[in-house]
Amino acid sequence: MEQRSLRTNDCTEKVIKQYSDMVYRLAFARTGTKHDADDVFQEVFFRYVKKRPVFRDEEHRKAWLIRVTINCSNSFWSSLWNKNTHELCDEIVFETRESIDLHTELNRLPPKYREVVHLFYYENMPLKKISAILHRKNSTVRTQLTRARAMLKKFMKEEDYV
């Protein structure tokens, strides 16, 4: 019985400490606000503890957590709570150009591009793994990453960063 599967009750606290930054960053990239990311973060680890999934290895556990984070973020956006929100007026001005940073420009990307950029650059995942997690073809992920880079370049030129 040496080839025992990894269970959640083995070291739940250890798993939360190990993956909390990754889950939170992805949730924040998908939701755009600290409070919403906190809700998604909490839901992901609640599901982890509640379901007690069995994993083949650490890579399987990491992929499961990423997939659940994406699913929880999607559920968050489709909830009735978020459907009844309204855009803020455009009268809010930034005091200086320096207050607008890369994060702001990343938030301008559509969610499907933002998540690919996040997984590729912030989580250092290869395209093949991203495509498996997001259930998309490799070519689709590569195209989305290329388009996201082009959009970011355009956004940065509009703001005179480049």
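Mentor: We begin with the word contact, which here means heavy atoms within 4.5 Å. This is a predicted model. Leaving aside neighbours within four places in sequence, T31 is in contact with D36, A37, V40, F76 and W77.

Trainee: Where is T31 found, and is T31 buried or exposed?

Mentor: T31 is found in helix α1. The cut-off for buried is under 20% relative accessible area. T31 has 5% relative accessibility and therefore counts as buried.

Trainee: Which backbone atom does the side chain of T31 reach?

Mentor: The T31 side chain reaches the backbone nitrogen of A37, at 3.4 Å.

Trainee: How far apart are N74 and T31, in sequence and in space?

Mentor: These two residues are 43 residues apart in sequence, and their C-alpha atoms are 9.0 Å apart in space. N74 has its place in helix α3. With 36% relative accessibility, N74 counts as partly exposed.

Trainee: Which elements make up the protein, and in what order do they run?

Mentor: The secondary structure comes to 8 helices and 2 strands. From the N terminus on, the order is β-α-α-β-α-α-α-α-α-α.

Trainee: How should I read the list of buried residues in a helix?

Mentor: Start with the general idea. An α-helix has 3.6 residues a turn, so residues three or four places apart point the same way. Now the case: the buried residues of α1 are V15, Y19, S20, M22, V23, L26, A27, A29, R30 and T31.

Trainee: Where is the kink in α1 centred?

Mentor: The kink in α1, which spans residues 12-31, is centred on Y19 and comes to about 50°. Y19 is also one of the buried residues of α1. Just after this helix, G32 takes a positive phi of about 90°.

Trainee: Where do R52 and N124 lie?

Mentor: R52 is found in the loop between α2 (34-51) and β2 (54-55). At 37% relative accessibility, R52 counts as partly exposed. N124 lies in the loop between α6 (111-122) and α7. The relative accessible area of N124 is 64%, so N124 is exposed.

Trainee: At what angle do α7 and α8 pack?

Mentor: Angles of 65 to 115 degrees count as roughly perpendicular. Helix α7 (residues 127-134) and helix α8 (residues 138-158) pack at about 105°, with their axes 8 Å apart. The two helices are therefore roughly perpendicular to each other.

Trainee: Which residues meet where α7 packs on α8?

Mentor: From α7, L127, K128, I130 and S131 meet N138, V141, R142 and L145 of α8. By class, this contact has 4 nonpolar, 2 polar and 2 charged residues.

Trainee: Which residue lies in the loop between these helices, and what does R136 touch?

Mentor: R136 lies in the loop between α7 and α8. Not counting residues up to four places away in sequence, R136 touches K112, E115, V116, S131, V141 and Q144. With Q144, the contact is polar, side chain to side chain, at 2.9 Å. R136 has 24% relative accessibility and so counts as partly exposed.

Trainee: How do other arginines compare with the accessibility cut-offs?

Mentor: R61 lies in helix α3 (residues 58-78). At 3% relative accessibility, R61 counts as buried. The R61 side chain makes a polar contact with the side chain of Y48, at 2.3 Å. R147 lies in helix α8. At 47% relative accessibility, R147 counts as partly exposed. The C-alpha atoms of R147 and L109 are separated by 9.8 Å, and the two residues are 38 residues apart along the chain.

Conventions:
Residues are numbered from 1 along each chain as its sequence is written. This is a predicted model: local features need pLDDT of at least 70, side-chain atom pairs count only at pLDDT 80 or more; totals for chains, interfaces and linings use all residues. Side-chain values use heavy atoms; hydrogens and water are left out. The bend at a residue is the angle between axes fitted to the seven residues ending there and the seven starting there. Helices (H or I, at least four residues) and strands (E, at least two) are DSSP runs, numbered from the N terminus. Buried means under 20% relative accessible area, exposed over 50%, partly exposed in between (1.4 Å probe, protein chains only). Axes are lines fitted to C-alpha atoms, for helices over the stretch in contact, and angles run from 0 to 180 degrees between N-to-C directions. Angles under 35 degrees count as roughly parallel, over 145 as roughly antiparallel, 65 to 115 as roughly perpendicular and the rest as oblique. Ala, Val, Leu, Ile, Met, Phe, Trp, Tyr, Cys and Pro count as nonpolar, Asp, Glu, Lys and Arg as charged, and the others, Gly among them, as polar. A polar contact is a pair of N or O atoms within 3.5 Å; within protein, one must be able to donate a hydrogen and the other to accept it, and residues adjacent in sequence count only if both atoms are side-chain atoms.
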